[in-house]
Amino acid sequence: MAALAFALRACALAVALASALAACAPKPPPADRLTLHPVRFADLEGWADDRHGEALAALRLSCARLGDLPGETAMGSADGLRAGFGTVSDWRAVCAEADAALAAGGSSARGFFERWFTPNLAGNNGEPGGLFTGYFEPELSGARRPTARYTVPLYRSPDDLVAVNLGLFRESLKGMRIAGRVEDGQLRPYEDRGEIDAGALSGRGLELLWVDDPVDAFFLHIQGSGRVVLDDGSAVRVAFAGTNGHVYVAIGRELVARGGLRRDEVTMQSIRAWLKAHPGEAANVMAANPSFIFFRELEGDGPVGAQGVRLTAERSLAVDRRFIALGVPVWVDTVDPLEPDEPWRRLMVAQDTGGAIRGPVRGDVFWGTGREAGERAGRMKSKGRYYVLLPKAAALASGR
């Protein structure tokens, strides 16, 4: 009996110790969740000084995408979002008034937004701080056929690439997408960047264009679209057509881990300079990002974002579409990437997405085309916040 009592006491002590250790263990952070807190336009610093007509013109492009959708359709439902951004009918009513405001010019654009929208401070579980980066439309040199100079292919999307919207199969997976190829009745991962760069797609006739620099091609993949000046002097715009489905990995972290750069040195410019200075190691470092982008030629103006509209410099914002519906105006409050002591505040429109844009308060500013835009985009890594503008009818319906 004594032995049994001792064993029971030991067991109880072990359970108590395990419970104490569990209580002391750090709690996992809560899952990302968008929270919206209504405010007044007077609370938006710099609001009165913005050029609202530029944002209104960008919004009109998004309005045109509503098309023939049923009026009761929830905005952003195709992106896996839950309710909260109003219905297509709510937005059509606003868009109908946007034409008149744009035609009137002057201060009517600002009045339009103040009359039809309610600003809401966005947060992640109530925390409003977020990260803002930048992207741009790069220019590359290329040709339609390979030559001694043009040796790096840009690929069109393969016929066997299958993209899957997981939200169509399970409610809990809304907003999640994967891609791969079907083999023996199963969806399997597609080749990663290293395998494709090593020739996995060669001989299949998938080459869209050829460019002269693998580092330029790599950054084109990161930006998602670009302009290629051909050897005959003409120019072609290329746009995102698909991805191999692998998770995007920022190679800046890889370079920090390898000791190539310090964490505080990482910018697009410093990464590019390191890759150019270390051609023997560059391919291996770039392969650390397994995500690979396929392209298509783009007719007319561009570039075009994920919403299918032409992007507007300093007015189009890439967001995480799991949390923010495309087509929604967003007031961004951050700092200038070239002058970090100066505020940078703009009314923008969520019109694009990106593999590295993850979280409820996360924005990627489209800066435009060319070298100057690239300089700003490459140096932007700023803390800030944003405010989501929702039609007043939608805000009232949701109780905000």
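A: Six strands form an open sheet of mixed pairing, in the order 5-9-4-10-11-12. The edges belong to strand 5 (152-155) and strand 12, which have a single partner strand each, so one side of each has no neighbour in the sheet. On average, neighbouring strands here are turned by 45° against each other, direction ignored.

Some ground rules. The model is predicted, so local features need pLDDT of at least 70 and side-chain atom pairs count only at pLDDT 80 or more, while totals for chains, interfaces and linings use all residues. Residues are numbered from 1 along each chain as its sequence is written, and side-chain values use heavy atoms, with hydrogens and water left out. Strands (E, at least two residues) and helices (H or I, at least four) are DSSP runs, numbered from the N terminus. Two strands pair if DSSP finds at least two bridges between them. Angles run from 0 to 180 degrees between N-to-C directions, and axes are lines fitted to C-alpha atoms, for helices over the stretch in contact.

Strand 11 (residues 235-243) pairs with strand 12 in the antiparallel sense, over six bridges. Within that pairing, Ala-239 has Arg-296 of strand 12 as its bridge partner. Helix 6 (residues 214-223) packs on the sheet. This helix touches strand 4 (139-143), strand 5, strand 9 (207-211), strand 10 (226-230), strand 11 and strand 12. Contact here means heavy atoms within 4.5 Å. The direction of helix 6 makes about 20° with that of strand 5.

Phi of Glu-314 is near 65°, a positive value in a residue other than glycine. Its relative accessible area is 23%, so Glu-314 is partly exposed (buried is under 20%, exposed over 50%, partly exposed in between; 1.4 Å probe, protein chains only). Asn-125 also has a positive phi without being glycine, near 55°. Asn-125 sits in the loop between strand 2 (117-124) and strand 3 (130-137). With 31% relative accessibility, Asn-125 counts as partly exposed.

Strand 7 (residues 177-183) and strand 8 are antiparallel and share three bridges. There, Arg-181 stands opposite Arg-188 of strand 8. Leu-187 also lies in strand 8. It is partly exposed, at 36% relative accessible area. Leaving out residues up to four places away in sequence, Leu-187 touches Val-162, Val-164, Ile-178, Gly-180, Arg-181 and Val-182. Val-39 is 148 residues from Leu-187 in sequence and 46 Å away in space, C-alpha to C-alpha.

Last, a helix pair. The axes of helix 7 (residues 251-258) and helix 9 (residues 279-286) come within 10 Å and cross at roughly 125°. The two helices are therefore oblique to each other (under 35 degrees is roughly parallel, over 145 roughly antiparallel, 65 to 115 roughly perpendicular, the rest oblique). Helix 7 contributes Ile-251, Glu-254, Leu-255 and Arg-258 to the contact, and helix 9 contributes Asn-284, Val-285 and Met-286.
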